[in-house]
Amino acid sequence: MNNKPQIGTHIYDLDTPCLIIELDKLEANMNYVSNFYATRSSKMRPHAKNHKTPAIAHMQINTGGTVGGVCASKVSEAEVMVNNGIKSVLITSEIVDSLKISRMTSLAKRAEINVAIDNLENAKRIDLIANTFGVQIGLIIEIETGMGRCGVQNPNEALDLAHGLKQLKNVSLNGLMSHQTISGEPDLETRHTEAKKIIDKVITTKKLLESEGYALPIISTGETWSYDVAADIDGVTEIQGGSYLLMETDYAYMTEFEQVCKVIGTVTSKPDSSSAIINIGLKHISTLRGVPTIEQHEDIQVINMTTSNSTLSIPDGSKIKVGDQLAFIPSQQDAMVSRWNEFIGIRGEFVESIWDIEARGCIS
Amino acid sequence: MEKIIFQSLGIKYYDLDTPALLIDVDFLISNINNFNSIAEASNLRIIPYSSIHGSREILKHQVQASNTANQACTNSISEAEELSDIAVEKLIIKSTPISKNQIHRLWTLSQTNSVDVVVSDTQHVANLQQGCYSTNQTLGILVQPISQSEHGNSNILSIINQCDSSPNLQYKGLLIEESPTISLEGYFSTIKLVHSKWPKSEIYAVGESYIKNLSSEHPIDYLIAGCYPVPDKHCLNNFPELSISASILSQIISKPTKQHVVIDSGHKTFGPDLGIPSVIHDSEHEYSKVLEPLKFSAEHGAIRFPEDQYDNIEVQHKIRLLPNSMELCINQFDMMRFIQSDTFIGYKKITGRGLFS
């Protein structure tokens, strides 16, 4: 069933709910990153898990400031990117299943593939299958830096793993990576302090491995909240930024980036003078980092969300009425994007482009 | 859109690529039959609500069961359009189409299917009548109370009167849905008022949980329900007669500490906005019995275990999890993997997925 709007449709005529991106702001965020990294040796490796859309990945790479490739979270996401012409992918999750490893190694016939790793047995499986395919897979040791997820726990574990990799012929140790997060709304000084503290563990590990003779061309760390700090830490070669492009309220303190992506809904009912119902619910927007906010209506709050609708608290005297459109800004955007089939690109007030979110549902 | 990784029919479900949405057909069918018996005991006929699962295959099983009305309900107009060729007497659309285009689509759908649509405001009725482009079209109208007040009741009566004076709209009855602002008693007083003026009004209630709160002398005719074939944590708590038929198969990808592992499934798999999933304790996989969800990120989940179990849990092990909200979880997938007796028997597309408007 094709219910996509025609190019040129006015934003007020869109069927809602729908997921839009403002193209001027999208380009502004890309240009900002391009300019920021223009004079630096480190570069951005944009995370494709956030938008899952090859057309956007190509725009990021073409705009500049990147390593010329992307991160992908899953093999299936990497497949979509490589099948659409992306030439370098860092898969940031550990890939342990033989079927997935086969799929990943087959991609290495057409693109440069690096993958996160945190144990030797897994590396041996990758090596065995890469040998069958006659390809070389790059391994990036993941270092745990506070997320409580994957990764070796300390530099010595990384060194032990690196020693173990020496015996393997179809994989090569290409570097180190880490994820990290920060809570609240940190100011610039706090971001610098915290990011340096966390990334120092990666740099310490790098130095240890290099002292043992390992060459590590890729040191991949930093995220949107630390894109500027990590970029200037000696030894860091690439930054895994994703959220900066579409943005979310969780990163609202990063004022250099504009809010690009939002869900447009329509007020469907107004039960009384202090509440309204809108046709946006949990199927359409994630609450991973809190309830969404409403663009240009700081006085309206989301007070209840069901799967398909939300109840809004509106101030007495509000002129909001049935049929009005409101835009929800997500607290976290990539868990929202994965719920949709397409982005509607808006320039000014009109639809300029429609992009299928081609890696939607690619979670394996 | 998920790209299917073709795997042979006949393999054990445990060997499927992960994360995978598994549907056990035998439990699916027994759930449908069990729940229909529960509804029958409460003198209710069921109308399947397909937006929970988005699956024509599951809807087909629901419609074929006894005590099920030959109708289907969707949340959006686009989901109803997707079902327009299924053989049911009537499609009910629970969200009111608002834009001119949606209203045009609704009237077009009504030319090939009998359609009832839910409204809650006099403006909805005016918009629908205004959007009618052929004199011989008819649209059924269900009215949803949204406010428990005298003003709210007066609004309901105005809407029904407006329908009666609209040549192409036919008032059918009331639709009630669990609401933070209206109690069951509040609904019942509105129903009594409406029945006193329009005695043929049919009453539709949305959601399985209504059955739990009904007395034997209730006024509800139809129960619009969709979770019972594939119950989630919430539904199973309410109806222990049902069994787990839908689950997520996930794989352990890392064992970074002596107390936790990381699985390949997170928010983008479960949609855990209403609560995190539970690990299903599978008897054939002893390790599953000691695993407990800790936290989930967009892509991954951290699962903890007692330190003395460290040697029993391995990277590559797989576990099944039960989502807290099946509707939000299924919305993350494009495909279901149907299984029977632990064996993979086929892929089924989730045809209603992502059809929001």
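The model is predicted: local features need pLDDT of at least 70, side-chain atom pairs count only at pLDDT 80 or more, and totals for chains, interfaces and linings use all residues. Residues are numbered from 1 along each chain as its sequence is written, and chains are lettered from A and ligands numbered from 1 in the order in which they are written. The model has an ipTM of 0.95 and a pTM of 0.95.

- Strand S4 of chain A spans residues 88–94; helices (H or I, at least four residues) and strands (E, at least two) are DSSP runs, numbered from the N terminus.
- In S4(A), 6 of the 7 residues are buried, where buried means 20 or more other C-beta atoms within 10 Å of a residue's own, exposed means 12 or fewer, and partly exposed lies in between, with C-beta atoms placed from the backbone.
- S4(A) pairs in the parallel sense with strand S3 (residues 70–72) of chain A over 3 bridges; two strands pair if DSSP finds at least two bridges between them.
- Val70(A) is opposite Val89(A) of S4(A).
- From S3(A) the chain passes through helix H3 (residues 75–83) of chain A to S4(A) in a right-handed β-α-β crossover; right-handed means that, with the strands pointing away from the viewer, the path from the first strand over the helix to the second runs clockwise.
- S4(A) also pairs in the parallel sense with strand S5 (residues 112–117) of chain A, over 5 bridges, and Ser88(A) has Glu112(A) in S5(A) as its bridge partner.

**Chain B: overall build**

- Chain B has 10 helices and 17 strands.
- Of its 357 residues, 53% count as buried.
- The C-alpha atoms of chain B fill a box of roughly 75 × 40 × 35 Å along the principal axes.
- The mean pLDDT (the predictor's confidence in each residue, from 0 to 100) of chain B is 95, and 100% of the residues score at least 70.

**Chain B: the open sheet**

- An open sheet of 8 strands runs in the order S2-S9-S8-S7-S6-S5-S4-S3 (chain B), with parallel pairing.
- Strand S2 (45–48) and strand S3 (71–74) of chain B are at the edges with a single partner strand each, so one side of each has no neighbour in the sheet.
- Strand S7 (residues 169–177) and strand S8 (residues 202–206) of chain B run parallel, joined by 5 bridges; Leu174(B) has Ile203(B) in S8(B) as its bridge partner.
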